[in-house]
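Please read them alongside the structure.

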Amino acid sequence: MTVIETITVPRHLRGYPGVAFGGCIAGVLAGRLAAKTVRVDFRRPTPVDVPVGLTDTADGGAVLTGADGVLAVATPDELALEVPDPPSRDEASAAAEAYRAAPPERAADCFGCGLDRTPDTGLRQHCAAVPGRDLVATALTAGPALADTEGKLRAELVWGGARLPRERGGSAAGGGSDGLTHGTAAPAGAGLLTAGVICLGPLGERAEAPGGVALATAGGDLGAIAPALWVDPR
């Protein structure tokens with residue numbers, strides 16, 4: 001393979017200090033593929049503020065490489081996932097407020113869920129359980145700085161939105177004692193994400209991200225769905 005492009009992930013798109021937010025990395029790779037449904041496997045953490053190589057592959061995929069080798073691989077895929085009914089806007093908003101009232105310990109300044117991020121500097125996906133339902137959710141409103149030229153959430157950020165929410169053992173993504181992590185494959189090791197982007201809601205509308213993972217507009221229109229595999233190192 002020959003590196004055909006060099007990219008540098010800016011520092012504000014970090015998940016953990018010095019490490020790029022994995023959802024955005026997945027979105028950048030997926031954007032190079034003609035396939036509507038893409039699988040991304042994370043091999044190593046991608047650094048911020050460091051040039052890395054982006055390469056197209058003969059099988060219609062893409063590979064991101066750094067000084068230590070392959071960072072992530074994207075390939076065309078298929079997706080079959082039953083999506084639950086999204087929570088109401090009030091349920092999603094209440095879940096977000098519950099997260100902010102009792103955030104997890106060691107919360108990172110993450111582009112996806114950082115508590116100090118603004119609508120223009122992060123997705124602010126503060127996910128918590130919805131009472132009476134087997135899912136976590138959040139409500140968010142993205143700012144104009146995260147928009148594309150049509151005023152919609154940029155595609156790579158939709159991937160970020162579809163990757164973060166996750167529940168296992170009663171803990172929302174980014175916290176808990178089960179060892180699951182978010183934002184990048186490090187320190188969890190490796191993970192994969194498959195998402196089919198169906199539609200993108202305009203910015204300024206509230207969006208809901210059920211912990212399944214599905215991303216929907218305030219009107220209930222499905223924007224993206226994504227199963228994710230998280231590896232807990234032992």
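**Notes on the model**

1. Asp49 counts as partly exposed, because its relative accessibility is 39%; the class lies between buried (under 20% relative accessible area) and exposed (over 50%), with a 1.4 Å probe and protein chains only. Asp49 sits in the loop between strand E4 (37–42) and E5. Its phi is near 60°, a positive value in a residue other than glycine. Helices (H or I, at least four residues) and strands (E, at least two) are DSSP runs, numbered from the N terminus.

2. Arg124 also has a positive phi in a residue other than glycine, near 55°. Arg124 belongs to the loop between H2 and E8. With a relative accessible area of 25%, Arg124 is partly exposed.

3. On the basis of the work: this is a predicted model, in which local features need pLDDT of at least 70 and side-chain atom pairs count only at pLDDT 80 or more, while totals for chains, interfaces and linings use all residues. Residues are numbered from 1 along each chain as its sequence is written, and side-chain values use heavy atoms, with hydrogens and water left out.

4. On confidence: pLDDT is the predictor's confidence in each residue, from 0 to 100. The protein has a mean pLDDT of 77, and 76% of its residues reach 70 or more. Among the elements, E6 has the highest mean pLDDT (95) and strand E11 (residues 167–168) the lowest (32). Over residues 166–190 pLDDT stays under 50, and for this stretch the model has 61 contacts beyond four places in sequence; a contact means heavy atoms within 4.5 Å. Where pLDDT is low, the predicted coordinates should not be read in detail.

5. On the overall make-up: the protein has three helices and 17 strands. Of its 234 residues, 47% are buried. Among contacts with a separation of 6 or more, 70% join residues 24 or more positions apart.

6. On strand pairing: two strands pair if DSSP finds at least two bridges between them. Strand E5 (residues 51–56) pairs with strand E1 (residues 5–8) in the antiparallel sense over four bridges. E5 also pairs with strand E6 (residues 62–66), again antiparallel and over four bridges. Leu54 is the bridge partner in E5 of Glu5, and Leu64 is the bridge partner in E6 of Leu54. E5 and E6 form a hairpin with five residues between them, and Gly60 in the turn has a positive phi of about 85°.

7. Which residues form the aromatic pair? The structure holds one such pair, made by Phe21 and Phe111, which is tilted, with 5.9 Å centre to centre and 55° between the planes. Phe21 is in the loop between strand E3 (19–20) and helix H1 (22–30) and Phe111 in the loop between helix H2 (89–101) and strand E8 (128–129), so the pair ties together parts that are 90 residues apart in sequence. Rings of Phe, Tyr and Trp (its six-membered ring) pair if their centres lie within 6.5 Å; planes under 30 degrees apart count as stacked, over 60 as edge-to-face and the rest as tilted. Phe21 counts as buried at 1% relative accessibility, and Phe111 counts as buried at 1%.

8. How many disulfides are there? With a disulfide taken as a pair of cysteine sulfur atoms within 2.5 Å, the count comes to zero. The cysteine sulfur closest to that of Cys24 is in Cys110, 8.9 Å away and too far for a bond. Cys113 is in no disulfide either, and its nearest cysteine sulfur, that of Cys110, is 4.1 Å away. Cys24 is buried, with a relative accessible area of 5%, and Cys113 is buried with a relative accessible area of 5%.
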